[in-house]
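Subject: Structure for your files

Hello,

Here is the structure you asked about. My notes on it follow below.

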Protein chains: 2
Amino acid sequence: MELDKHKIPQATAKRLPLYYRFINNLHSQGKLRVSSKELSEAVKVDSATIRRDFSYFGALGKKGYGYNVEYLLSFFRKTLDQDETTKVALIGVGNLGTAFLHYNFTKNNNTKIEVAFEASEDKVGQEVGGVPIKHIDSLEDEIDDIAVAILTVPSSVAQGITDRLVEAGISGILNFTPARITVPDTVRVHHIDLAVELQALVYFLKHYPLENGDNEA
Amino acid sequence: MELDKHKIPQATAKRLPLYYRFINNLHSQGKLRVSSKELSEAVKVDSATIRRDFSYFGALGKKGYGYNVEYLLSFFRKTLDQDETTKVALIGVGNLGTAFLHYNFTKNNNTKIEVAFEASEDKVGQEVGGVPIKHIDSLEDEIDDIAVAILTVPSSVAQGITDRLVEAGISGILNFTPARITVPDTVRVHHIDLAVELQALVYFLKHYPLENGDNEA
């Protein structure tokens, strides 16, 4: 049976970077094999889900042995295109943007923030976390080879900046503003809203009594 | 048929705060009714999903009319316990923590950051976004009546702080550190890892060709 990548459920796809990171850690520690139970404890995903996720990629493990770390690592590296770095631009160097710039994305990842943009003159020209900060007016001149933008601007300017990013040919936007942005069908947006995440946790606390091994979402 | 809240899929539950916010906005604008198509465009969730989500709560809409905004608003306010505020503590006032403190959670929400904790002496005693910053050493003395903690500390101390939060009786943790933390089954953890979110977007860009209306996850 041929592997059809489009058949992987999106929920599974979202867990791949997490699996990759921990398998990479195990490999650095010199571990040769790992059981789905150990993996489950490390990544906080129940082992049935891990086995189901892995099954989409074919038979990666053996009963009573577990998974070969080296094999898993090379598999995930290939699947996640770890040998190809995606260039990222950060828009908006406020507190959240600065947190992103200090976050060491390149350590276990295939993404690199190449450039940041900011409207306030006192930040332009500086470097944060090794990333140069340029003026937002020069956005279109500087993102020719950049595929992804992280949006950490005030809500009031989110759509305007988005329109400029789309016009400049960006493929994907990680939207951290509370604003819901509108893009053409050719651009992918993932939205992470801090208030919604907090409210969702509170809702789950009130309405979903915890059961064994079910306390992580 | 009686409403059994435990039957609501978790994916639906996660969208409730989002629906609530936009219905609240519509209400403020004086809108009396809204179609699932309009709602879909506002919240960027496809209208079939919205109709399915709403169906778990009974027949909230009428064909050809749409949904009554006032009814939806009172329904969601009740469902999300908007009249009861959950007290939140923020642990770690770095860039990400500061972003949280400046974020106006109380505007449309039922959560309020009451207190923040920090290890570095020069921040202790100050206020950010109206929230007092206390020393991490006093954690146990200050979170008696607090249900939820937002964790924005360095990875290296995440588990140690988590153990103290658990010991002090916290019910839920929103973990923004890259560390996967271990808690007893009685505590709920939601984990948002910035690097994983970025990597997931890149993976989706490469492997999930966009189709109409499918560009938001």
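To start with one pair of residues: Leu151(B) stands opposite Asn175(B), which lies in strand 9 of chain B. Please keep in mind throughout that this is a predicted model.

The pair belongs to a parallel pairing, in which strand 8 and strand 9 of chain B are joined by four bridges. Both strands are part of an open sheet of seven strands in chain B, with the order 6-7-5-4-8-9-10 and mixed pairing. At its edges are strand 6 (127-128) and strand 10 of chain B; each has a single partner strand, so one side of each has no neighbour in the sheet.

As background, strands of a sheet pair through backbone hydrogen bonds, in either the parallel or the antiparallel sense.

Chain A

DSSP assigns eight helices and 10 strands to chain A. Of the 217 residues in chain A, 51% are buried. Taking contacts in chain A between residues at least 6 apart in sequence, 55% join residues at least 24 apart.

Chain A has an open sheet of seven strands, ordered 6-7-5-4-8-9-10, and the pairing is mixed. Strand 6 (127-128) and strand 10 (188-191) of chain A are at the edges with a single partner strand each, so one side of each is left without a neighbour in the sheet.

Strand 5 of chain A (residues 111-118) runs parallel to strand 4 of chain A (residues 86-91), and six bridges join the two. One of the bridge pairs is Ile91(A) with Phe117(A), the latter in strand 5 of chain A. Strand 5 of chain A also pairs with strand 7 of chain A (residues 131-135), again in the parallel sense, over three bridges. There, Glu118(A) has His135(A) in strand 7 of chain A as its bridge partner. Six of the eight residues of strand 5 of chain A are buried, so the strand is largely enclosed by the rest of the structure.

The nonpolar core

The largest nonpolar core holds 46 residues, and Ile150(A) and Ile150(B) have the most contacts inside it. What does Ile150(B) touch, leaving aside its neighbours within four places in sequence? In chain B, the contacts of Ile150(B) are Val88(B), Ala89(B), Leu90(B), Ile91(B), Phe100(B), Ile113(B), Leu174(B) and Phe176(B). Ile150(B) is also in contact with Leu198(A), a residue of the other chain.

Between the chains

Contact between the chains involves 81 residues of chain B and 81 residues of chain A. Together the two chains bury about 7,600 Å², of which 60% is on carbon and sulfur atoms. Arg180(B), Arg188(B) and Gln199(B) supply 11% of the area that chain B buries against chain A, more than any other three residues.

There are two salt bridges between chain B and chain A. One of them links Asp193(A) with Arg21(B), with the closest N and O atoms 2.9 Å apart. Eight residue pairs are in polar contact between chain B and chain A, both residues being at pLDDT 80 or more.

Several elements give two or more residues to the side of chain B that touches chain A, including helix 1 (10-28), helix 2 (36-43), helix 5 (95-102) and strand 10 (188-191) of chain B. Helix 8 of chain B gives the most to that side, with 14 residues.

Regards

How values were computed. Residues numbered from 1 in each chain as written. Chains lettered and ligands numbered in written order. Predicted model: local features only at pLDDT ≥ 70, side-chain atom pairs only at ≥ 80, totals over all residues. Heavy atoms only, no water. Pairing = 2+ DSSP bridges. Core = buried A, V, L, I, M, F, W, Y, C linked by side-chain atoms within 4.5 Å. Buried < 20%, exposed > 50% of the residue type's maximum accessible area, 1.4 Å probe, protein only. Contact = heavy atoms within 4.5 Å. Buried area = accessible area lost by both parts, 1.4 Å probe. Salt bridge = Lys/Arg side-chain N within 4 Å of Asp/Glu carboxyl O. Polar contact = N/O pair within 3.5 Å; in protein donor to acceptor, adjacent residues only side chain to side chain.
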